[in-house]
Amino acid sequence: MIVARPKSFEDIKRYVGNRKKVAIVGCGGCVTVRPVGGQKQVQELAALLRLWAKKEALTRGSQPLTIEEETILRQCEPEFINSLEGRFKDCEAIISLACGVGVQCLADKFPELEVFPGVDAVFMGATIEPGLYWERCVGCGNCIIGETGGLCPVSRCAKSLLNGPCGGSLGGHCEVSPETPCVWQLIYERMEQRGNLGALDRIMPIKDWSVRPGRLVLEHLRVEKKES
Amino acid sequence: MDEEKTAKPSAEVQETSRLKSGSNLERLLKEGKFVVTAELGPPRGAARETVERKANILRGYADAFNITDCQTSVVRMSSIASGVILLEMGLEPVIQMTCRDRNRIGLQSDLLGAAALGMKNLLCLTGDHPKFGDHPGAKPVFDLDSIQLLSVVKAMRDEKRLQSGTKIEVEPRFFLGAAENPFADPFAFRARRLAKKIEAGAEFIQTQIVYNVERFAQWMTAVRAMGLHKKAFILAGVTPLKSLGMARYMKNNVPGLEVPDEIIARMEKKKSKTEGIDICLEIIEKLRKIEGVAGIHIMAVEWEEVVPQLVERASLLPRPTPSISAVPTC
Ligand code: SF4
């Protein structure tokens, strides 16, 4: 899932500025699971902004603030985005609490409105324990984890090293942050457990990083489309 | 690479007798001389005089001079540019190239330029993470890692082709080096990783600073068991301690560096520079006796002044002149 964290309230206030009416749009996907952009967060942010607008009435030039609240199932799907057709008519801006993918879909749907990101998408990761998420993939487009024991050095090594740990791997930790496990230590241990350390002696070839901008068309869907 | 190995059983012998670059460092090592290299840190600024001043202090006390490439991710004058200053002074540089700041295009381009400017020794490094430096917000590149960089430069030199496969007319003739940290984890993987670097093209190895000689010797045992000391020249890294503060800093703040308590205790007792120099001399003495150690690399960070007396007291003077001709034969 995509893990995101809320932007600071300072940023959000700057987005709203002296505007009279804005919309806050949540997303029922990843940002609802790691709760920073679901329905509840939309309500909370709207309440906070209303309080702020009341308090700051003078500095905002006595502008009242109206907020439209909405949460759709997924902001990255045209089907759900299209359900917003005709909405936000008199809004001056939208704050999206989805990841950058959702924000862009929303901006494409409402090109005349200013659309602001209300959260920072930080990575694709897994839930390690409730409330703790860790990056697991950067979508490099050329997956190699079949050769590294099912552990990804591209996303989990600070230098994305492909040929073993750097000289800063100590006591199982990464030199960049002692709270981060050294993924190469983990790869080494897993390979040792499997009795396959020899696999790590192979020099990993230079990686093809030419994946951006990426686009994936699922061929079987395209075929079905043609046939029908 | 594998094919090459099986096809030519005597490849190892040939490898070491042939000259790749004809550099002073390469010739001395291949003649079996115990070499001394010294590190020179370029200035944070455009002062040519700083490079010249440091080079003049070191002149005559080492066989080649390593110029760091923005070490610890701090912006400094470039390694290649400083190398040109050294060449103009008649000294032999070992330039360093990290994968931190350049992608494969930048790396190859700068190295072609370095070769054209007369550089012959190249140390290929992955590089420190930008987080440790003076621009922690920099985008780390790491398009290649050090092992892949070695293989790219080796192919440029030996096969006259760029990483893309494009042929080049004139190849850069570098004597290739890599670094290894015998003290990092997983310890058992360290010699194997060295083997990968050598397979990729490293002909000389500079190690992390040695304070724990016993642990270094253990690593060397693994290195010898794999025959790696016959395939590459291993230069053990040393750094004299200037003060107790520096010893503590090295122990606690430099990732992958091991300073035994015993050394800290000695520095505590005497609290002097001379004690640091004495310790360093003892370490050099022990390192010289370890089979497979082909030389030492002195990293006297911002303390170049100490190098002359260190080399002199270690009885490593005068520095030899190579007898074989400087013309590369590969
Ligand atoms: S190698 Fe790592 S970053 Fe690339 S696709 Fe696989 S898991 Fe993702």
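Modeller: What follows is a walk through chain B, from its fold as a whole to a few residues in its loops. This is a predicted model, in which local features need pLDDT of at least 70 and side-chain atom pairs count only at pLDDT 80 or more, while totals for chains, interfaces and linings use all residues. Residues are numbered from 1 along each chain as written, chains are lettered from A and ligands numbered from 1 in the order written, and side-chain values use heavy atoms, without hydrogens or water.

Chain B is as compact as a globular protein of its length, because its radius of gyration, 19 Å, is close to the 20 Å that the globule rule gives for 330 residues (taken over C-alpha atoms, the rule being 2.2 Å times the number of residues to the power 0.38). The C-alpha trace of chain B spans about 60 × 45 × 40 Å along its principal axes, and 55% of the 330 residues in this chain are buried (under 20% relative accessible area with a 1.4 Å probe and protein chains only, against over 50% for exposed and the range in between for partly exposed).

Turning to the backbone, there is a cis peptide bond between Asp185(B) and Pro186(B), with omega about -20°, and Pro186(B) sits in the loop that runs between β5 (175-180) and α8 (187-200) of chain B. A cis bond is also found from Leu317(B) to Pro318(B), where omega is near -10°, and Pro318(B) belongs to the segment that comes after α13 (307-313) of chain B.

The loop between β2 (64-67) and α5 (79-88) of chain B deserves a look of its own, starting with Cys70(B), which lies there. Phi of Cys70(B) is near 45°, a positive value in a residue other than glycine, and Cys70(B) counts as buried because its relative accessibility is 15%. Thr72(B) lies in the loop between β2 and α5 too, and its phi, near 50°, is likewise positive in a residue other than glycine. Thr72(B), however, has 40% relative accessibility and therefore counts as partly exposed.

Note on methods: Helix = DSSP H or I, 4+ residues; strand = E, 2+ residues; numbered from the N terminus.
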